[in-house]
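I'm opening my notebook on this one and jotting down what I look up as I go. Let me get the structure on screen.

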Protein chains: 2
Amino acid sequence: MQATQVGHGLDALFKPRSIAIFGASDDVTKIGGRPLQFLQKYGYAGGIYPINRKGGLVQSLQAYASVAELPEVPELAVIAVPPAGVLDAVQDCAQRGVKAAVILSAGFSEMGEEGSRLQARIGEVARASGMRIVGPNCLGAIGVPDKSIATFSVALESSFPAAGSVGIVSQSGNLGSFTLRLAGERGLGVSRMLTTGNECDVDIADAIASLAADPGTSVILCCMETCRDGAKLMLAMAMAREAGKPLVVLKVGVSEAGSAAAASHTGALAGSDAVFDAVLRQGGALRVPSIELLLEVGHALSVAGPARVPGGHRVAVLTASGGFGVLLADAASAQGLALPKLAAQTQARIVAAVPFAAPSNPVDMTAQVSSRPEVLAQMLDAVARDDSCDALILQSANAFHVPRLRDVFLEALAQVRKDHPARLILLCARAPEDVRARLNAMGFPVVEGIDAACATVAALLRFGARDAARIAAPAIARAPLGAAAFATEASAKAVLAEAGLPVPREAVARSVDEALAAAREMGFPLVLKIVSPDIAHKTEVGGVFVGVRSEAQLREEYGQLLARVASKAPGARIAGVLVAQMVQGGVELILGARKDPVFGPMVMAGLGGIFAEIFKDVALQPAPVDEAQATAMLRSLKAFPLLDGARGRPKADVQAAARAIAALSRFAVRHADSVCEIDINPLVVLEQGRGAHALDALLVPEEHAVKGKQ
Amino acid sequence: MQATQVGHGLDALFKPRSIAIFGASDDVTKIGGRPLQFLQKYGYAGGIYPINRKGGLVQSLQAYASVAELPEVPELAVIAVPPAGVLDAVQDCAQRGVKAAVILSAGFSEMGEEGSRLQARIGEVARASGMRIVGPNCLGAIGVPDKSIATFSVALESSFPAAGSVGIVSQSGNLGSFTLRLAGERGLGVSRMLTTGNECDVDIADAIASLAADPGTSVILCCMETCRDGAKLMLAMAMAREAGKPLVVLKVGVSEAGSAAAASHTGALAGSDAVFDAVLRQGGALRVPSIELLLEVGHALSVAGPARVPGGHRVAVLTASGGFGVLLADAASAQGLALPKLAAQTQARIVAAVPFAAPSNPVDMTAQVSSRPEVLAQMLDAVARDDSCDALILQSANAFHVPRLRDVFLEALAQVRKDHPARLILLCARAPEDVRARLNAMGFPVVEGIDAACATVAALLRFGARDAARIAAPAIARAPLGAAAFATEASAKAVLAEAGLPVPREAVARSVDEALAAAREMGFPLVLKIVSPDIAHKTEVGGVFVGVRSEAQLREEYGQLLARVASKAPGARIAGVLVAQMVQGGVELILGARKDPVFGPMVMAGLGGIFAEIFKDVALQPAPVDEAQATAMLRSLKAFPLLDGARGRPKADVQAAARAIAALSRFAVRHADSVCEIDINPLVVLEQGRGAHALDALLVPEEHAVKGKQ
């Protein structure tokens with residue numbers, strides 16, 4: 001798949017000039033009956049061609065025995081025949097020059113090996129012919145403006161989606177259909193929907209890309225279960241980002257219970273969900289935790305517009321009741337939002353408008369706002385002028401249902417919108433549909449629930465804080481790593497040191513004299529470690545001695561170490577003894593790189609020991625990362641205060657640690673074909689300015705990963 | 001306040017024979033006009049007596065100049081006059097023998113000192129006369145069955161609450177009123193509402209107690225901002241528990257931003273919210289994080305009934321679509337629920353009903369359930385029989401809106417309810433109001449949102465797991481602690497050791513000879529520590545030496561230690577040198593006890609150092625606790641695996657640690673009048689069977705807390 005081809009050729013799914021339906025049926029409860037019914041019911045204007053061996057009329061339209069017999073080449077084919085007949089239908093379509101086909105039929109890879117083989121052959125038709133194929137086992141596509149309907153979704157039974165600029169893509173047909181229904185209930189107009197099912201050809205990345213390229217779509221909602229091509233997804237996300245279209249993603253199958261997939265190769269600490277999270281973040285997508293929030297955030301983004309969404313985490317809350325202020329402050333805090341004190345000038349303005357108001361944050365405007373719109377406008381204006389907040393939440397439990405108050409609020413909000421066109425202001429309120437529509441038209445998202453309102457604002461501000469100017473990671477040429485590098489800790493550290501990882505001065509001694517010579521060069525204190533390709537756990541065989549402080553002690557310990565190892569690991573090949581400078585003090589990090597089967601090398605950093613083990617306090621990001629990104633990874637750790645001088649500790653050399661992470665990440669990319677896993681444990685980070693040192697390292701070659709890992 | 005008096009005399013608020021209204025007005029926008037309007041509009045059957053200096057008719061009723069002139073003694077008085085007139089009105093009521101008064105007027109303690117003084121005098125009238133007083137600055141009370149209305153809440157403008165068994169209590173009038181409105185929208189019938197406002201007499205504990213005692217209330221919803229009397233709240237919670245009535249609490253002002261209150265005296269690690277959390281848990285209340293969940297959980301408990309709610313965390317999920325199964329599994333996992341694999345027999349039954357079903361958990365019943373009710377009934381029956389789950393969630397996005405499917409589902413559910421009357425089964429579904437009512441009548445709570453459904457089930461199962469048989473903590477006689485105990489580490493440890501805390505063998509030596517004598521008795525290795533009432537941080541003045549291994553070393557280090565201290569803390573009084581057995585290895589805990597100003601002594605345990613500091617991984621509980629409770633505290637720590645043999649570590653002596661916590665908690669209660677804070681840092685816990693040792697201890701006397709703490 002060429003990079004430039006993500007999402008190509010999919011317009012035929014959404015605005016075809018004509019549609020053929022294989023397996024068209026008079027029975028509207030059948031999957032071949034429903035698209036036909038919907039197309040006619042909702043007034044699709046192009047040609048509709050039922051295909052049915054029996055010919056005659058199907059739902060009052062002339063049916064044809066095959067696609068070859070059609071009077072014109074249909075741009076889109078909807079295939080709803082039993083699985084055994086699908087390949088033939090697809091081949092006929094390709095031959096006739098159909099641009100795209102949607103296979104609604106099930107019975108393929110989800111049913112086992114035979115189905116998978118059949119599905120693979122269908123995919124080959126797509127690749128050979130250039131005809132794009134959606135499905136099989138999917139709920140197809142809807143192009144709302146053109147009333148193009150290639151689905152049997154029950155969501156269309158009662159009504160056709162209202163037109164709008166929200167696009168919906170989903171791997172699961174049911175979730176796509178449910179999202180469509182929820183969008184309708186939420187008052188969200190839709191541009192396109194595409195569900196990809198088994199993805200024999202068109203996948204979720206194509207689907208995202210096709211909406212990124214669609215001028216009628218401004219916000220993309222995505223239900224994602226899996227990803228089959230990481231690079232393609234990254235490209236699709238980049239397309240959405242470059243088009244300025246927010247991509248909001250609900251990843252399903254997050255939990256162990258929810259995930260049918262086996263644990264990814266990235267190991268226990270960095271499970272596949274953490275990888276997805278890192279990839280989505282890197283791609284500038286906005287991940288949400290529930291389908292409810294998918295809709296709320298989609299609504300808010302489509303109403304406010306992404307240009308109005310700043311980065312940040314500071315909100316101002318305005319209410320007409322202290323109690324609601326407290327509720328909102330609690331809910332906002334739970335979402336990681338801060339409610340900074342408003343500036344003195346702002347508070348003065350608030351009190352000038354209403355002397356009894358609580359002017360801090362949350363602002364209790366008191367019942368005065370119910371009588372005079374100018375008071376509400378003054379309050380909102382005062383807060384909107386204040387730079388100490390990134391967004392405003394105006395709460396009202398009741399006002400929009402009481403005509404007099406409604407008019408007061410609408411008037412004040414219109415004024416504020418005029419004076420502060422770019423300000424992100426969200427209403428946490430209940431309102432009749434028509435009032436909500438008026439508020440939305442002014443660019444104010446309206447969210448009912450208190451928790452939902454705060455979660456939505458938090459998501460928006462997180463989205464606004466994405467690295468808008470993210471430059472594609474520099475291309476790193478792949479290079480194989482020689483087998484020798486994998487042999488021992490010493491060989492691994494040698495290649496890592498060459499790649500820029502800081503490693504203590506060390507040398508492999510093959511005799512006590514070589515060890516003494518090395519010691520004279522390095523100075524004391526020193527550490528001794530056995531070097532053997534056969535010994536994985538050196539301490540368990542007495543193969544490590546820490547704290548050699550003199551030549552005499554070196555002679556003594558060198559011999560004793562070899563003797564211990566010879567007695568505890570009698571068969572092991574001994575390549576020598578590693579003599580290394582001893583590093584004292586500092587904070588221990590663990591660094592790692594693992595190759596995700598879909599997304600490629602990921603780099604990981606965390607504090608050593610129990611932090612990573614018990615608190616799962618690790619940061620993960622697709623490799624490579626630069627020093628700034630590596631620093632951000634470290635800062636994202638809960639335990640970062642330990643590096644940052646918490647409770648009187650010295651500040652650690654975070655910059656040196658970040659340099660090491662960046663170097664490791666570049667190494668992981670460069671050698672991704674031959675190295676599947678890299679562990680540096682520990683990387684000791686000394687005080688600021690004193691550097692960091694990788695004290696131990698392990699490289700796992702690619703073939704080990706394939707056969708060896710659990 | 002006598003224990004037996006919590007909530008006494010409040011029936012007059014909810015079912016008075018007659019009501020007098022001070023400040024009754026013809027103007028129904030005034031707070032004195034609205035109760036009068038509501039009482040007449042909704043058909044209160046008792047006597048209604050407007051009180052108004054002018055006399056004449058008020059809203060068509062004969063008004064009286066004073067309560068003295070009324071033809072009968074009203075049982076309830078509603079007071080809606082300006083603050084300056086309230087005290088007189090209250091005194092008149094008390095004199096006439098009114099049972100209860102509700103002061104709706106504002107302008108008291110919320111307005112500063114003068115208001116507080118006036119409010120205090122009103123409270124004195126209550127205590128002197130026995131007349132109960134609600135408010136001031138509150139939204140009063142509603143008794144739904146008797147249509148007794150002592151409120152001006154806007155929630156009553158459009159309609160009177162539907163009668164039911166859910167009681168609502170709130171300190172904030174606005175939140176109480178909002179909860180009432182949400183209950184109506186949620187289809188929840190209400191028994192009583194009471195808002196307590198400034199609480200000059202009736203407080204939130206009284207409110208809870210009055211609903212616990214009300215035969216018409218089965219579930220209590222509570223919005224709590226603060227608590228003025230911890231012991232009274234504990235009693236009220238016990239009353240609810242004993243009456244078998246779930247008490248669901250939304251605590252507002254949780255976050256720093258949301259909390260106007262200053263940090264509590266319990267210190268930074270155990271902030272006031274953590275204390276509330278521990279107190280509510282101890283009292284068997286069910287805390288919820290949002291007002292939305294307050295209603296959902298209230299609905300579920302009132303529909304399912306508390307008897308149907310088991311303890312646990314295991315759910316089975318049944319859907320007709322794999323996609324929803326995954327969404328629910330994710331949402332359930334996020335709520336801490338587990339989805340265990342169903343028993344082989346269960347899975348066999350499921351597959352027998354529908355061969356293509358996914359029989360594990362979540363169960364994908366496939367579209368087959370839409371055609372045959374017996375299939376749905378079989379599936380539900382199979383899962384309901386399976387003991388591996390504590391609750392079932394049946395999801396349906398659509399079925400209850402399609403008449404044919406609705407009937408299939410209702411028939412199947414009726415069957416399952418008949419066969420498994422005690423099973424907790426919650427529906428995650430959308431349904432028309434009448435269908436929802438039918439489902440509710442069968443004992444099935446219906447929740448729309450996926451997250452909300454899982455959060456509700458999780459809350460219910462947490463409620464079911466509360467210690468139903470909790471026995472009141474044994475009474476511990478209070479005793480003062482002599483001032484000498486506070487002097488030094490040694491004196492503190494001595495009294496703690498007497499109380500059962502494990503302390504290493506140690507002795508205070510006043511000379512090197514005494515130290516040598518002690519050493520001979522204890523054996524080596526030893527630790528030396530300076531003993532001085534003037535030195536808080538011993539290590540900072542060189543006052544500690546660890547690892548004395550011989551008599552010669554003891555002589556040497558004894559002298560050097562004294563010399564160091566003399567040079568670094570020249571003025572300090574030296575009481576001697578503590579000679580203590582040295583404890584090696586083990587896991588370090590920190591234990592503490594702090595006195596909360598409202599709830600009294602709380603005991604705290606956590607792992608030492610960074611765990612408590614950075615991860616806030618501490619357990620808190622009202623003292624005293626027994627060994628079982630202390631063990632549960634330790635098990636609740638995220639870092640508990642470190643005590644429990646994680647990653648090849650030896651298992652620690654958890655029992656010894658729990659004994660120490662229990663002993664500390666009893667000590668804290670016994671000496672609560674003289675000790676405000678106890679720190680044991682560290683308590684070293686050795687391997688299983690080898691005990692635990694408090695290596696350092698600090699007692700802070702009560703007076704220090706008052707003047708010294710920030």
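**Cores.** Before anything else, I need a term: a nonpolar core is a set of buried Ala, Val, Leu, Ile, Met, Phe, Trp, Tyr and Cys residues joined through side-chain atoms within 4.5 Å. Buried means under 20% relative accessible area, exposed is over 50%, and partly exposed lies in between (1.4 Å probe, protein chains only). I also note that this is a predicted model, where local features need pLDDT of at least 70, side-chain atom pairs count only at pLDDT 80 or more, and totals for chains, interfaces and linings use all residues. Residues are numbered from 1 along each chain as its sequence is written, chains are lettered from A and ligands numbered from 1 in the order in which they are written, and side-chain values use heavy atoms, with hydrogens and water left out.

Which residues touch the most other members of the largest nonpolar core? I found Leu13(A), Leu194(A) and Leu13(B), in a core of 237 residues. I then looked up the contacts of Leu194(A) (contact means heavy atoms within 4.5 Å). Leaving aside neighbours within four places in sequence, they include Leu10(A), Leu13(A), Phe14(A), Val134(A) and Ile168(A). There is a second, separate core of 95 residues, and it includes Ala694(A), Leu481(B), Ala663(B) and Val675(B).

**Two copies.** The same surface serves both copies, as 98% of the contact residues of chain A recur in chain B.

**A parallel sheet in chain A.** Helices (H or I, at least four residues) and strands (E, at least two) are DSSP runs, numbered from the N terminus, and two strands pair if DSSP finds at least two bridges between them. Chain A has an open sheet of five strands, paired parallel, in the order β2-β1-β5-β6-β7. β2 (47-51) and β7 (132-134) of chain A are at the edges with a single partner strand each, so one side of each has no neighbour in the sheet. I checked one pair: β5 (76-79) and β6 (100-103) of chain A run parallel over four bridges, and Leu76(A) has Ala100(A) as its bridge partner. Helix α3 (86-96) of chain A lies across β1, β5, β6 and β7, at about 175° to β5(A). For such angles, axes are lines fitted to C-alpha atoms, for helices over the stretch in contact, and the values run from 0 to 180 degrees between N-to-C directions.

**An antiparallel sheet in chain B.** Here I found four strands in an open sheet, ordered β20-β23-β21-β22 (chain B) and paired antiparallel. β21 (526-531) and β23 (576-581) of chain B share six bridges, and Leu528(B) has Val579(B) as its partner.

**Pro502(A).** Last stop: Pro502(A) is in the loop between α17 and β20 of chain A. Pro502(A) is partly exposed, at 24% relative accessible area.
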